[in-house]
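These notebook entries record what I looked up in one structure. I set them down in the order in which I worked.

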Amino acid sequence: MSALAKNYNRRNIAFKRGKGSFLYSTNGKKYLDFVQGIAVNSLGHSNPYLIKEMNKQAKKLWHVSNAFVIPEGERLARRLTKKTFANSIIFQNSGVEATEAAIKAARRYFYSIGKPYKNRILCINNSFHGRTLAAIFASGSKKMTEGFGPKVPGFDHFNFGDHEKLEKAITKKTAAIMCETIMGESGIKVIPEWCLKGLRKLCNKKKILLILDEVQCGIGRSGRFLAFEYAKIKPDIVPIAKGIGGGFPLGAVLLSKKVASAMSPGSHGSTFGGNPLAMSVGNAVLDQIFKKGFLKNVEKNSKYFFFKLNEIKQDYPNVIKEIRGKGLLIGLQLYNDQSIFIKKLEDERLLTMRAGENVIRILPPLNVKRNEINLAIKIIRKVCDQQN
Ligand SMILES: *Cc1c(COP(=O)(O)O)cnc(C)c1O
């Protein structure tokens, strides 16, 4: 009997070690891991460079309070601002803390310019921003909020793609539109580039802020460092997490200059957020992802993977409905419930993950090798054949 609460629907496998794209179970089986902790292990398991950098820091200093200067964090923040639209960074420990900080920053900005009544956040129905009280009510999901009332006020919603409703839902009280650049949990739904451009224009017109949640699709996952870069726009606030720690809990919120100016001393804080150990790992992840050609290679592998998946779709048109996603954030939408398919992939030693709308989420490490993609393709084809 497990002493753990039953809030997860766990699969009956445990692992004793991982190496790159592979996991080794306690009962001696080798799995191709295309879950990677849900886009967290951006550089695969037991990455030698991350191990080295983390050990180096672990021998020097783990944690000091944010009451003091933390040079490793100064460096990570500087590198993130140099690479993005952001002027400053607040470090957190997880994705949901980053999305919460994003919401707080948006409200605080309007407070700071004398418009505290502008405090409502407009979100997409059935999106995902994490599991705190504010974040679940931001998601507009019945399932996630069930039993957790009273409702946290301050969030309005529109449906994915409903442009008319979106424009009408913006009121005098709206502070920001918040959405995932690529919706992860709800089924790998990409917001098209022209829509992102439109969102930016709309926010400018209505003088509200644009928050793009890149917790899952950021840090190279899409083939760009941040996924909205494809649309050549600049958001105001961007929460990141998952991939930036490479497996170490690390989150951050990126702030534009005007928003950052509202976050005065004492306005927000975190005990653990931005400690030297986490910052060193974050810097080590960036060392790899910022390497020349790294993201180009993600795009190249993505192209190949999508090409091969589309070949399978053509061969099994009554099994696979759609191939979705960008970069190495890939969704395989089936016509039927995907759970049996996922189990069959697992039996063939390929680990994948569910998402909404009958989608199977495929999340290889960003440094996945071509022959590992080929192995996955072979297994997916085999399971399609069994379904046919
Ligand atoms: C995973 C995720 C979160 C929450 O991150 P946690 O680290 O689980 O709190 C928030 N937003 C998006 C888009 C995510 O995918």
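**Entry 1: the model.** I noted at the outset that this is a predicted model.

**Entry 2: the ligand.** I first asked which residues are around the ligand. I listed Ser94, Gly95 and Val96, then Phe128, His129 and Gly130, and finally Glu180, Asp213, Val215, Gln216 and Lys242. Sorted by class, this shell comprises three nonpolar, five polar and three charged residues.

For Gly95, a polar backbone atom is 2.8 Å from an oxygen atom of the ligand. For Gln216, a polar side-chain atom lies 2.8 Å from a ligand oxygen atom. For Asp213, I found an N or O atom of the side chain 2.8 Å from a nitrogen atom of the ligand. I also looked up how much of the ligand is covered: taken alone it exposes 380 Å², and the protein buries 81% of that.

**Entry 3: a sheet.** I turned to an open sheet of four strands, whose order is S1-S2-S3-S15 and whose pairing is mixed. Why is one side of S1 and of S15 left without a neighbour in the sheet? Strand S1 (15–19) and strand S15 (350–351) stand at the edges and each has a single partner strand, so one side of each has no neighbour there.

Strand S3 (residues 30–33) runs parallel to S15, and two bridges join them. Asp33 has Leu351 in S15 as its bridge partner.

**Entry 4: the second largest pocket.** I recorded about 570 Å³ of space in the second largest pocket. Its lining has 22 residues, and Asn66, Glu74, Ile89, Ile90 and Phe91 are the closest to its centre. Which elements each supply at least two residues of this lining? I found helix H3 (71–83) and strand S4 (88–92). The largest share, four residues, comes from S4. By class, the pocket lining has 10 nonpolar, 11 polar and one charged residues.

Entry 5: Rolling a probe the size of a water molecule over the atoms shows where empty space is left. I asked how many cavities of 30 Å³ or more the structure holds, and the count is one. The largest cavity has a volume of about 30 Å³. I listed its lining as Thr181, Ile182, Val190, Ile191, Leu196, Ala227, Tyr230 and Lys326. In this lining I noted six nonpolar, one polar and one charged residues.

Methods
Residues are numbered from 1 along each chain as its sequence is written. This is a predicted model: local features need pLDDT of at least 70, side-chain atom pairs count only at pLDDT 80 or more; totals for chains, interfaces and linings use all residues. Side-chain values use heavy atoms; hydrogens and water are left out. A residue is near a molecule or strand if one of its heavy atoms lies within 4 Å of it. A polar contact is a pair of N or O atoms within 3.5 Å; within protein, one must be able to donate a hydrogen and the other to accept it, and residues adjacent in sequence count only if both atoms are side-chain atoms. Accessible areas come from the Shrake-Rupley method with a 1.4 Å probe; for residues, only the protein chains shown count as cover. Ala, Val, Leu, Ile, Met, Phe, Trp, Tyr, Cys and Pro count as nonpolar, Asp, Glu, Lys and Arg as charged, and the others, Gly among them, as polar. Two strands pair if DSSP finds at least two bridges between them. On a 1 Å grid over the protein atoms alone, a cavity is a set of points where a 1.4 Å probe fits but cannot get out, and a pocket is an open set with protein on both sides within 12 Å along at least five of seven lines; lining residues have an atom within 4 Å of a point. Grid points are joined across faces, edges and corners, and a volume is the space filled by probe spheres set on the points.
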